[in-house]
Amino acid sequence: MKTIKYLSLLFCAILLAQCGSKDYEIPQATRYTVTTEPATKISTTSATLSFTIGDNSGDGYERSGFFLNSDLSEAKTIYINSGRYVDVTDLSPKTKYYYQAFIEDRLGNQIKGETLSFTTARELITVTTLAAKNIGSTTANIYLCATPSQEPAEFLEAGFRVDDKANMSNPVSGVAGGTWPNYDIEVIELTPNTTYYYQGYVKEKDGERIYGNILSFTTLPETPSLWGKVPDSKQPNDNHGYAVGYSTQNTIYVMQNDRFQKYTIDQHKWEDMKRLGVYPVACAPYHGSGIFITKQSPDAKSMQLWQLRDQTQPVLLTDLPFVVTSTVQSLFVCGKNIYIIDQNLTIWEYDYGQSVLHRLSKYPGQGTEGLSGFASYASYSDKIIYGLGWTQNDWCNDLWEYDTRTYKWKALKDFPGSMNSLPFDKWLSFTLDHNDT
């Protein structure tokens, strides 16, 4: 009897030992199946992945998760802390991802579900076509603005399509310049007085275009060319083709070679005037008329001062006993008198009322070529601002004021700009609406 009791105890001990040493293993595949569920809540950079287990017990595995990748190689393992779903973030927009659910026991044995896929949403890009600017007879600038504020990863280029038909049936497309999110392009070779329709777009790397709204503009009527009516005209910087001009309220007068022409602004009309047989060097407006310094031939040294009084017949005011060069600005009007700077940079005064020419003082500044200036029509109606230019060694920044009452030069504060990188040989200055510029 005692032997049977010991055998019973031994059997129980063995059974308990076996139960205590056995790992909590995953149930057999015949009882447990894993189903990978379709992804939900898919956005541009995130999605929710979930799975189910066949017998719905959920108690026979140590942990679970998903394998995820965008190209079926080197999949990323995502473990789930609890539950049967996970929110995946930091994905790329407009990208196809493959994923597979799994459950795993303590020994690493896994049961896997099927492999499914989803594609993240395209990043939301909107394009706003903006109003055209700088509209001429044959050109215009058109603009667009895109969102979001940061450049999307899929962005390739921005551009426009343009057509003279409202339905955009045969548009011409062009790539715009700029940086995200603002782009523009100059449209050229347009037809004058024509309505054009245009639409901005953003192109993604896969070739898809996202279009904005359609706007329109109308080109201006054709404007006659300034040089088109001058026979045998040459480049404006050529000694034999140098052109000068001035304007009144509604009229522009131009002289090139030995011909005068008049352009009426409101009529868009050119009119030939009398051929003078003299060649221009400088000009300036003079109380509703124009004054010109001319020479008898392109190579002549003698100079003359003319006035176009009645807008039809020029009148010779005086012969000049000096030479004027076109490389410096040389003709100014203060009050009723005319001031001329010769090639030696000496200033002369022509008394219009007395028809007398007076020699005054020499320009004291640094520059010898390319000098520029203006006669102030506002607070300094009796003063000339003059200077800048260049020497053989460098550009000059000094400015001077000439007082026509005291006949004295006065140094002003140096001009802060620079011409070091510009290819021009002459500074430019002018007045706007009687304000000093």
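Where is the place of Asp 90? I found Asp 90 in the loop between strand E5 (85-88) and strand E6 (96-104); strands here are DSSP runs of E, at least two residues, numbered from the N terminus.

**Ground rules.** I am working on a predicted model, where local features need pLDDT of at least 70, side-chain atom pairs count only at pLDDT 80 or more, and totals for chains, interfaces and linings use all residues. Residues are numbered from 1 along each chain as its sequence is written, and side-chain values use heavy atoms, with hydrogens and water left out.

**Positive phi.** Back to Asp 90: its phi is near 60°, a positive value in a residue other than glycine. I looked up its accessibility too, and at 73% relative accessibility Asp 90 counts as exposed. The cut-offs are under 20% relative accessible area for buried, over 50% for exposed, and partly exposed in between, with a 1.4 Å probe and protein chains only. Then I checked Leu 345, where phi is near 65°, again positive in a residue other than glycine. Leu 345 sits in the loop between strand E25 (337-341) and strand E26 (346-351), and at 9% relative accessibility it counts as buried.

**Cis peptides.** I noted a cis bond joining Thr 147 and Pro 148, with omega about 10°. Pro 148 is in the loop between strand E9 (140-147) and strand E10 (155-163). Another cis bond joins Trp 180 and Pro 181, omega about 10°, and Pro 181 falls in the loop between strand E12 (177-179) and E13.

**Thr 194.** This one is in the loop between strand E13 (182-187) and strand E14 (195-204). Its side chain reaches the backbone oxygen of Pro 192 at 3.0 Å. A polar atom of the Thr 194 side chain also lies 3.2 Å from the backbone oxygen of Thr 191. Leaving aside neighbours within four places in sequence, I see Thr 194 in contact (heavy atoms within 4.5 Å) with Asp 164, Phe 217, Thr 218 and Thr 219.

**A four-stranded sheet.** I traced an open sheet in the order E4-E3-E6-E7, with antiparallel pairing; two strands pair if DSSP finds at least two bridges between them. E4 (76-80) and E7 (110-119) are the edge strands with a single partner each, so one side of each has no neighbour in the sheet. The twist averages 25° from one strand to the next, with axes fitted to C-alpha atoms and angles run from 0 to 180 degrees between N-to-C directions. E3 (residues 63-69) pairs with E4 over five bridges, and Phe 67 has Thr 77 in E4 as its bridge partner.

**Rings.** My search of the whole structure gave 16 aromatic pairs. Rings of Phe, Tyr and Trp (its six-membered ring) pair with centres within 6.5 Å; planes under 30 degrees apart are stacked, over 60 edge-to-face, the rest tilted. Phe 66 and Tyr 99 make a tilted pair, 6.3 Å centre to centre and 55° between the planes. That pair links strand E3 to strand E6, 33 residues apart. Phe 66 is buried at 0%, and Tyr 99 is buried at 1%. Phe 332 and Tyr 386 are edge-to-face at 5.7 Å and 90°. Phe 332 is in strand E24 (residues 331-334) and Tyr 386 in strand E29 (residues 383-390), so this pair ties together parts 54 residues apart in sequence. Ring pairs also link Phe 51, Phe 66, Tyr 97, Tyr 99 and Phe 118 into a cluster.

Notes
A polar contact is a pair of N or O atoms within 3.5 Å; within protein, one must be able to donate a hydrogen and the other to accept it, and residues adjacent in sequence count only if both atoms are side-chain atoms.
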